[in-house]
Amino acid sequence: MNIISSESAKAKADKAYALFFVKESILFSKVLSAKGESQVESVLKGIKDGPFEDLEFLEIDGCNTFFVDAAKERGLSTLDHLRMAAYRLAQRTMKRQVPCVSLFLADAADEQFKAILHGLHYANYKFDAYKSKQKENFQVTFEIVAGDRAAAFKKIAEEVAVEQKAITLARNLINTSASDLYPAAFVEDAKTIAKYTPGLSIKVRNMKQLEKEGFMGHVTVGKGSSHEPHMITLSYDGTKFATGKSAGKSAGKKGRTSRDHLVIVGKGLTFDTGGLCLKPAKSMPEMISDMSGAATALAAIQAIATLKLPVKVSAVCCLAENAIGNKSVLPGDIFKAKNGKTVMVDNTDAEGRLVLSDGLAEAGLIGATHIVDLATLTGAMVRALGYAVTGFFSNDDDLALMVINCGEACCEKFWSMPLEEEYADALKDKFADLKNTGSDAGAISAALFLQEFVPENTAWTHWDIAGTAFVTKKWKYTEYGATGFGVQTLIELARELG
Ligand code: BES
Ligand code: ZN
Ligand code: ZN
């Protein structure tokens, strides 16, 4: 797929045109003048009474014209409808092998233009690394006719390309089989990314170092596997890119200072068998996605550094394989976490919270002011909110509001869940300070457990992406597999903090 921007449409024999419409009206009215007002109006008159939903492709005066309904799916925001419309357009034109399509968008607002570009990019994603034959997508050129917005749109197009590259990275990592993407393999990928991303540095701890420094959550979860656990800390400091404007802005934002340091902590279980508390066979293949949090954290910081956002951000990837072996953690075992609290492993399948206890401790050690942890943490969250909405928790109302707003801006839905104190006692253990299971409110118990490891005076939010990271049937712009959920909201959060 090529996306080119031009001030006006250049005539070309084999070119098609795309019109976005919501019910009877066409979006971006300059489409009309560009194609000849009377012409399109008469077409619209002709089709107004017809079955509008069926209309998608017409020939007007020898030109192929695609009609894309931007309000088809229920429950999506206007911007997401636009993404879906662009996604469908790209799919159709690729299928019909249309070489070039002109989109008249001079009237589109920045966020509408951004939504359309994201939609086009999503259609280009495929994961066929394991197919015996790889097929190239047909290369459609989308000509964005931007009028006097050409310069502004070019900048947005560059940003979207960076964001989509990161989303693709996350999705590819998540979709890769666990025997190919074990902790040390993830580390190699992260090292390569750090090497080719200016301003991004990386620190890696292996099993020996983790044990020596007391990051026992990783050791406890990972010791049953032949693939040893690792923890990665990626760092980026963009404060030197702060302009006078954004430096001044941060002082005006409530409670925020130029010393803000956002740390993203990701659950990176490259596979989760459940350990000795073995998972049922049916739900196991999907556990290749149990490193979605770590992949999303890595992808987000890659984009944040590439975009040179004026903010300090780190990403901690907590990598382990929850496997069965003669060294596996046993139910009833007790270990001492990095922050000194002792934990009894009541259920070896509640392993994510154990590695995250180390990730949260590391976030504190490197000076986090804001922490986002994201994890495919509980089946309870899948049952509560499904695949379309991420349930999140926070100890800070300002940060919670930012999560909702940033999510909305990039079409990722979040729902605030309570850190209900009434369930906190259920985490207490007879012998140890805590156990890794709690009340029947599974997602809340997991969040309350994590809260025990949040460094003092730190704004924290936990995103349980168990339902949203990976879909087993088509959802929005994902056919099957990893969605890339969270990458965009994290980038948006970094923009907001910068
Ligand atoms: N990785 C799973 C959670 C999960 C379930 C992710 C479905 C994606 C889809 C997690 O490690 C887990 O097994 N959690 C247990 C916790 C329980 C034993 C307290 C769960 O939710 O059943
Ligand atoms: Zn588990
Ligand atoms: Zn897990």
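**Exercise 1. Find the protein donors of the zinc ion (ligand 2) and describe the site.**

*Solution.* Step 1: collect donors, meaning N, O and S atoms within 2.8 Å of the metal (3.2 Å for Na, K and Ca); water is not among the atoms, so sites may look incomplete. In this predicted model, the protein supplies Asp272 (OD), Asp349 (O), Asp349 (OD) and Glu351 (OE), at 2.0 to 2.2 Å.

Step 1: read the spacing along the chain, which is D-x76-D-x1-E.

Step 2: check the angles. Six donor atoms span 71 to 167°, and the site is irregular. Here is the rule: four donors are tetrahedral if all angles lie between 85 and 135 degrees; four are square planar and six octahedral if opposite donors are over 155 degrees apart and all others between 65 and 115; anything else is irregular.

Step 3: The zinc ion (ligand 3) is 3.2 Å from the zinc ion (ligand 2), and Asp272 coordinates both.

**Exercise 2. Work out which polar contacts ligand 1 makes with Asp272, Asp349 and Leu377.**

*Solution.* Step 1: for a ligand, a polar contact is a pair of N or O atoms within 3.5 Å.

Step 1: go through the pairs. A side-chain N or O atom of Asp272 is 2.9 Å from a ligand 1 oxygen, while a polar side-chain atom of Asp349 lies 2.8 Å from an oxygen of ligand 1. Leu377 uses a backbone N or O atom, 3.4 Å from a nitrogen of ligand 1.

**Notes.** Residues are numbered from 1 along each chain as written, with chains lettered from A and ligands numbered from 1 in written order. Local features need pLDDT of at least 70 and side-chain atom pairs pLDDT 80 or more, totals for chains, interfaces and linings use all residues, and side-chain values use heavy atoms, without hydrogens and water.

Note on methods
A polar contact is a pair of N or O atoms within 3.5 Å; within protein, one must be able to donate a hydrogen and the other to accept it, and residues adjacent in sequence count only if both atoms are side-chain atoms.
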